[in-house]
Amino acid sequence: MAYAGLTTERLTMAGAELADEVGFDQVTVSELARRFDVKVASLYSHLKNSQDLKTRIALLALEELADRGAAALAGRAAKDALTAFANVYRDYAREHPGRYAAAQLRLDPQTAAASAGRRHSQMTRAILRGYDLAEPDQTHAVRLLGSVFHGYASLEAQGGFSHSAPDSEVSWSRILDALDALLRNWPDPEPGA
């Protein structure tokens with residue numbers, strides 16, 4: 001029997017908030033039940049288990065990121081689009097560390113195909129069209145950008161840049177300049193490659 005006032009959506013949002021507070025790895029149905037002051041069994045009419053909750057949080061995070069990315073890209077192209085899109089990832093990681101971690105959750109192929117993750121790839125490819133990259137270089141560039149955005153956001157969140165100069169803001173700006181230059185001058189493949 002469903003507990004009055006509890007819905008899957010409400011539990012997912014509460015789980016996302018919990019992830020931001022305590023870390024995505026610490027999110028469980030048991031911890032969520034404590035938050036609502038209900039028995040764990042009360043949540044099982046809405047959630048299968050902790051993995052189901054984590055998957056739902058991941059899908060929420062991917063959707064939120066995609067919505068922010070789409071809004072940031074509107075009317076922008078080339079470096080402006082690249083910078084706006086990169087900042088969406090970095091800002092989201094800072095504002096919602098647990099949700100950002102959730103967005104990295106490995107999803108089964110069917111769930112991944114139906115998720116907003118596809119929108120992320122489509123938006124990245126739209127940016128790359130402004131740099132006139134064709135396949136397979138476009139796929140290589142999608143992977144490069146994802147690696148840089150995620151790597152920087154992750155290292156920064158762990159304090160990796162807090163003990164040295166220059167400030168990480170300066171480095172971020174220079175990295176985006178370097179990515180723009182690289183994308184404008186993408187190397188030709190080596191013969192036979």
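A residue is called buried when its relative accessible area is under 20%, exposed when that area is over 50%, and partly exposed in between, using a 1.4 Å probe and protein chains only. The model here is predicted, so local features need a pLDDT of at least 70 and side-chain atom pairs count only at pLDDT 80 or more, while totals for chains, interfaces and linings use all residues. Residues are numbered from 1 along each chain as its sequence is written, and side-chain values use heavy atoms, with hydrogens and water left out.

Start with the inside. In soluble globular proteins, nonpolar side chains tend to be buried together. A nonpolar core is a set of buried Ala, Val, Leu, Ile, Met, Phe, Trp, Tyr and Cys residues joined through side-chain atoms within 4.5 Å. The largest one here has 54 residues, and Leu 43, Leu 82, Leu 128, Phe 149 and Leu 183 have the most contacts inside it. Among the helices that each supply at least two residues of this core are α1 (8–22), α5 (78–95), α9 (137–157) and α10 (168–184); helices, like strands, are DSSP runs numbered from the N terminus (H or I, at least four residues, for a helix; E, at least two, for a strand). The largest share, 10 residues, comes from α4. As for Leu 128, its contacts (heavy atoms within 4.5 Å) include Leu 133, Val 142, Leu 145 and Leu 183, leaving aside neighbours within four places in sequence.

The buried residues of α10 are Ser 168, Trp 172, Leu 176, Leu 179, Asp 180 and Leu 183. They cover an arc of only 125 degrees around the axis, which puts them on the same side of α10; the arc is that of the directions from the helix axis to the C-beta atoms. An α-helix has 3.6 residues a turn, so residues three or four places apart point the same way. On the other side of α10, Arg 174 and Arg 184 are exposed. The cover over the buried residues of α10 includes α5, α8 and α9.

Then there are the charged pairs. A salt bridge is a side-chain nitrogen of Lys or Arg within 4 Å of a carboxyl oxygen of Asp or Glu, and a search of the whole structure turns up 17 of them. In one, Lys 79 pairs with Asp 177, with the closest N and O atoms 2.3 Å apart. Lys 79 sits in α5 and Asp 177 in α10, so this pair ties together parts that are 98 residues apart in sequence. Asp 177 is partly exposed too, at 26% relative accessible area. Another bridge joins Glu 156 and Arg 90 (2.6 Å, N to O), linking α9 to α5 across 66 residues of sequence; both of these residues are buried. Arg 94 and Glu 169 form a further bridge, with N and O 3.1 Å apart at the closest. Arg 94 belongs to α5 and Glu 169 to α10, so parts 75 residues apart in sequence are tied together.
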